[in-house]
Amino acid sequence: MKKYAAVILVIFLVLMKQVSAGRFIDGMEDIPLMDGLSQITQDDISFGNEETRLLEAYLTSRRLTFSKVSAFYKESLPQLGWIYQGNRGNSLLFDRDGETLEVIREASKPLIVRVTVKSKP
């Protein structure tokens, strides 16, 4: 039994190292900020209470494409418990514990991405 616990611990630590090696979006401490993206902090929105919340952040890059950003979030967010639900137009959809996360391409040149976390109704 201790052997299995040790193996699970090692796997967990490796997965967390992959995600924690980077930075996180300000105000969204559990959403990683991909290398090459920078946050436009003056456009952030955050409000809520014990029952509901809405967080919104804008990210930008002059050298990344949305396909690279999409691949990063499809790989990294499931490691943090987010379940990929698919695409809708220019956005990726994820669910976790009563919340929805959207990664939306707002513009291509320069790339502007909006990340929204909101409670499900």
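Leaving aside neighbours within four places in sequence, which residues is L37 in contact with? The residues that L37 meets are R23, L59, T60, S61, L64, V69, Y73 and L111, where contact means heavy atoms within 4.5 Å. Let's keep L37 in mind and walk through the rest of the fold.

A word on the model comes before the tour. This is a predicted model, in which local features need pLDDT of at least 70 and side-chain atom pairs count only at pLDDT 80 or more, while totals for chains, interfaces and linings use all residues. Residues are numbered from 1 along each chain as its sequence is written, and side-chain values use heavy atoms, with hydrogens and water left out.

Start with the overall layout. The protein has two helices and nine strands; helices (H or I, at least four residues) and strands (E, at least two) are DSSP runs, numbered from the N terminus. Followed along the sequence, these elements come in the pattern α-β-β-β-β-β-α-β-β-β-β. Of the 121 residues in the protein, 36% are buried. Here buried means under 20% relative accessible area, exposed means over 50%, and partly exposed lies in between (1.4 Å probe, protein chains only). The protein exposes about 7800 Å², with carbon and sulfur atoms supplying 56% of that area; accessible areas come from the Shrake-Rupley method with a 1.4 Å probe, and for residues only the protein chains shown count as cover. Among contacts between residues at least 6 apart in sequence, 46% join residues at least 24 apart.

The largest nonpolar core has 24 residues, and L37 is listed with I25, I31, V69 and Y73 as the members that touch the most other members. A nonpolar core is a set of buried Ala, Val, Leu, Ile, Met, Phe, Trp, Tyr and Cys residues joined through side-chain atoms within 4.5 Å. Two or more residues of this core come from each of β2 (28–33), β5, α2 (66–76), β7, β8 and β9 (111–119). The element that gives the most is β9, with four residues.

Charged residues come next. Side chains of opposite charge can pair when their charged atoms come close. The whole structure holds seven salt bridges, each being a side-chain nitrogen of Lys or Arg within 4 Å of a carboxyl oxygen of Asp or Glu. One of them pairs D30 with R96, with 2.3 Å between the closest N and O atoms. This pair links distant parts of the chain, D30 being in strand β2 and R96 in strand β7, 66 residues apart. D30 counts as partly exposed because its relative accessibility is 23%, whereas R96, at 15%, counts as buried.

Another salt bridge joins R114 and E56 (3.5 Å, N to O). R114 lies in strand β9 and E56 in strand β5, so the pair ties together parts that are 58 residues apart in sequence. E56 counts as buried because its relative accessibility is 14%. The side chain of E56 also makes a polar contact of 3.3 Å with that of T116. (A polar contact is a pair of N or O atoms within 3.5 Å; within protein, one must be able to donate a hydrogen and the other to accept it, and residues adjacent in sequence count only if both atoms are side-chain atoms.) Not counting residues up to four places away in sequence, E56 touches M28, D43, D44, I45, R114, V115 and T116.

E102 and R88 form a salt bridge too, their closest N and O atoms being 2.9 Å apart. E102 lies in strand β8 and R88 in strand β6 (residues 83–88), so this pair ties together parts that are 14 residues apart in sequence. Here E102 is buried, at 10% relative accessibility, and R88 is exposed, at 52%. Salt bridges that share partners also join E56, E106 and R114 into one network.

Finally, turn to the loop between β7 (91–96) and β8 (99–108), where D97 is found. D97 counts as exposed because its relative accessible area is 75%.
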